[in-house]
Amino acid sequence: MDKKQSRVRRARQTRIKLAAQKVHRLSVHRTNVHIYAQVFSEDGTQVLASASTLEAEVRKELGDKEGKGGNAAAAALIGRRIAEKAKAAGIESVAFDRSGFRYHGRVKALADAAREAGLKF
């Protein structure tokens with residue numbers, strides 16, 4: 001089993017547990033260059049809010065910084081944006097789905113920034 005298969009297996013187990021809870025889910029996906037966050041409905045069929053480092057406003061705000069979307073500062077920015085968008089959609093609390101990624105670095109920075117912006121996990 002390679003690294004990606006292990007991550008996908010861990011992600012599947014997490015999603016099964018979160019689906020049984022019937023709560024909104026904040027899902028995070030990261031690549032070497034970008035980070036993405038989405039808030040899914042309780043049944044997992046609709047995306048209620050999303051944010052990523054691919055958005056034009058985010059790229060403009062990151063400017064000429066090195067790494068642009070692949071660092072903890074960019075992840076924190078995405079965490080704040082997803083919390084604002086979720087609150088605007090009327091969502092106060094979510095379950096955090098790290099998609100099998102370890103909870104450190106960019107994933108942790110995104111989660112901490114979302115909590116600081118008022119989203120409850």
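This note walks through a predicted model, point by point.

1. **Helix H3, overall.** H3 covers residues 72-88. The helix holds 17 residues. From its first C-alpha to its last it reaches 24 Å, close to the 24 Å expected at 1.5 Å a residue. After H3 comes glycine 90, with a positive phi near 90°.

2. **The buried residues of H3.** Which residues of H3 are buried? They are Ala74, Ala75, Ala76, Leu77, Ile78, Gly79, Arg81, Ile82, Ala83 and Ala86. An α-helix has 3.6 residues a turn, so residues three or four places apart point the same way. Keep that in mind when reading the list against the model.

3. **What covers H3.** The cover over the buried residues of H3 draws on several elements. Strands E1, E2 (35-40) and E3 (47-52) are included. So are helix H2 (56-62) and helix H4.

4. **Arginine 81.** This residue sits in helix H3. Is arginine 81 buried or exposed? Its relative accessible area is 15%, and buried means under 20%, so arginine 81 is buried. Its side chain makes a polar contact with the side chain of glutamate 55, at 2.7 Å. Leaving out residues up to four places away in sequence, arginine 81 touches Ala51, Glu55, Glu57 and Val58.

5. **Tyrosine 36.** Strand E2 carries tyrosine 36. The residue is partly exposed, with a relative accessible area of 26%. What does tyrosine 36 touch, not counting residues up to four places away in sequence? The list is Ser27, Val28, His29, Thr31, Ala51, Ser52 and Leu54. Ala51 is also among the residues touched by arginine 81. The C-alpha atoms of tyrosine 36 and alanine 49 are separated by 11 Å. Along the chain these two residues are 13 residues apart.

6. **Glycine 70.** Look for glycine 70 in the loop between H2 and H3. Its relative accessible area is 28%, and it is partly exposed. Setting aside neighbours within four places in sequence, glycine 70 is in contact with Asn32, Val33 and Arg106. Glycine 70 and arginine 106 are 36 residues apart along the chain. Their C-alpha atoms are separated by 8.1 Å.

7. Lysine 22 has a phi near 55°, a positive value in a residue other than glycine. Serine 99 likewise has a positive phi near 55° and is not a glycine. Where do they sit? Lysine 22 is in the loop between helix H1 (3-21) and strand E1 (25-30). Serine 99 is in the loop between strand E4 (95-97) and helix H4 (106-116). Their accessibility is worth checking. Lysine 22 counts as exposed because its relative accessibility, 55%, is over 50%. Serine 99 counts as buried, because its 3% is under 20%.

8. **The largest pocket.** About 210 Å³ of space lies in the largest pocket. Its lining consists of Lys3, Lys4, Arg7, Arg10, Arg30, Gly100, Phe101, Arg102 and His104. Which element gives the largest share of the lining? Helix H1 does, with four residues.

Terms used. Residues numbered from 1 in each chain as written. Predicted model: local features only at pLDDT ≥ 70, side-chain atom pairs only at ≥ 80, totals over all residues. Heavy atoms only, no water. Helix = DSSP H or I, 4+ residues; strand = E, 2+ residues; numbered from the N terminus. Buried < 20%, exposed > 50% of the residue type's maximum accessible area, 1.4 Å probe, protein only. 1 Å grid on protein atoms, 1.4 Å probe; cavity = no way out; pocket = protein on both sides within 12 Å on 5 of 7 lines; lining within 4 Å. Points joined across faces, edges and corners; volume = space filled by probe spheres on them. Expected span 1.5 Å × (residues − 1). Contact = heavy atoms within 4.5 Å. Polar contact = N/O pair within 3.5 Å; in protein donor to acceptor, adjacent residues only side chain to side chain.
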